[in-house]
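Please find below my notes on the two-chain model that you asked me to look over.

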Amino acid sequence: MDAGRLRVSRVFDALGDPGRRSLVEAVASRGSATATELAAELPVTRQAVAKQLMSLADAGLLRATRAGRETRYEVTPEPFGDAVAWMVDVGGAWDDRLAKLGQALRDRAAR
Amino acid sequence: MQIEREIVFPASPDEVWEALTEPERLEEWFATEVELDAQPGGAGVFRWENGEERRAVVREASPGERLVLDWDDEGEVVLELEEVDGGTRVHVVETAPDWSTALELHALAWTPVA
């Protein structure tokens, strides 16, 4: 199997499981998340979540960055197309707006 | 399909409510030019520097508590305020319009081929 087909096959394997699909959605709706954050809201152990997140990152669906002792994941929009791209765009817009809103409230309090 | 954010600001719910509903305050953080009548049925027009314009109708407005906007492309935004130690927790949920839900099903409803 060539590299391109191997990658497509990994994407299908990764998303074939409903639990993994809902993990991708949970990460996408938050913008980014760690295994601990997701396990707190899902009926599964942190260890199980961490393992699935790693396999989703291996398939190229999530991007992992080290944050202290934890690994933080965000969705790689490209393999999903418009739906996840919407979540990443709209989520990013809210991150910017809320940062500006915080600044505006602090500026006002300082006056 | 939706996105969700939560953040605590060091300000009272009333102060945050003003920043969410008064046009000149919204221009500090939400859009470049804002018109908004923040009561149920009221209209909103938001313009950005890049020429983008979005229109909305206020579905719910409970001062200091909850604001719901329906975008004219059928998406919606729910902003909820809650007083907490040290300020106000703002919970934002933006729901995608129907067209993107159809795309989501296309993107996420893959099943492995035997």
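The points below take the conventions, then chain A, then chain B.

1. Conventions. This is a predicted model, in which local features need pLDDT of at least 70 and side-chain atom pairs count only at pLDDT 80 or more, whereas totals for chains, interfaces and linings use all residues. Residues are numbered from 1 along each chain as its sequence is written, and chains are lettered from A and ligands numbered from 1 in the order in which they are written.

2. Make-up of chain A. Chain A holds five helices and three strands, where helices (H or I, at least four residues) and strands (E, at least two) are DSSP runs numbered from the N terminus. Read from the N terminus, the order of these elements is α-α-β-α-α-β-β-α. Of its 111 residues, 27% count as buried; a residue is buried if 20 or more other C-beta atoms lie within 10 Å of its own, exposed if 12 or fewer, and partly exposed in between, with C-beta atoms placed from the backbone. Among contacts in chain A with a separation of 6 or more, 49% are between residues 24 or more positions apart, a contact being a pair of residues whose C-beta atoms, placed from the backbone, lie within 7 Å.

3. In soluble globular proteins, nonpolar side chains tend to be buried together.

4. Surroundings of A:Leu62. Not counting residues up to four places away in sequence, A:Leu62 touches A:Val27, A:Leu53, A:Leu56, A:Ala57, A:Tyr73, A:Glu74, A:Val75 and A:Thr76.

5. Helix α4(A). At 1.5 Å a residue, the 13 residues of α4(A) should span 18 Å, and the end C-alpha atoms are 18 Å apart, which agrees; the expected span is 1.5 Å times one less than the number of residues. The buried residues of α4(A) are A:Val49, A:Gln52, A:Leu53 and A:Leu56. Seen down the axis of α4(A), these fall within an arc of 105°, so they line one face of the helix, the arc being that of the directions from the helix axis to the C-beta atoms. The face turned away from the buried side of α4(A) carries the exposed residues A:Gln47 and A:Asp58. After α4(A) comes A:Gly60, whose phi is positive, near 85°.

6. Packing of α2(A) on α4(A). In α2(A), the residues A:Leu23, A:Val24, A:Val27, A:Ala28 and A:Arg30 are buried, and this helix is followed by A:Gly31, with a positive phi near 90°. α2(A) and α4(A) pack at an angle of about 80°, with their axes 10 Å apart; axes are lines fitted to C-alpha atoms, for helices over the stretch in contact, and angles run from 0 to 180 degrees between N-to-C directions. The two helices α2(A) and α4(A) are therefore roughly perpendicular to each other, a term that covers angles of 65 to 115 degrees. A:Gly19, A:Arg20, A:Leu23 and A:Val24 of α2(A) make the contact with A:Gln52, A:Leu53 and A:Leu56 of α4(A).

7. A:Ala35. This residue has its place in helix α3 of chain A, and A:Ala35 counts as buried because it has 23 C-beta neighbours inside 10 Å. Leaving out residues up to four places away in sequence, A:Ala35 touches A:Arg46, A:Val49, A:Ala50 and A:Leu53.

8. Chain B. There are three helices and seven strands in chain B, and their order from the N terminus is β-α-α-β-β-β-β-β-β-α. Buried residues make up 26% of the 114 residues in chain B. B:Val78, in strand β6 (residues 76-84), counts as partly exposed because it has 17 C-beta neighbours inside 10 Å. B:Val78 touches B:Val68 and B:Val93, not counting residues up to four places away in sequence.

Technical notes:
Contact = placed C-beta atoms within 7 Å. Parallel < 35°, antiparallel > 145°, perpendicular 65-115°, else oblique.
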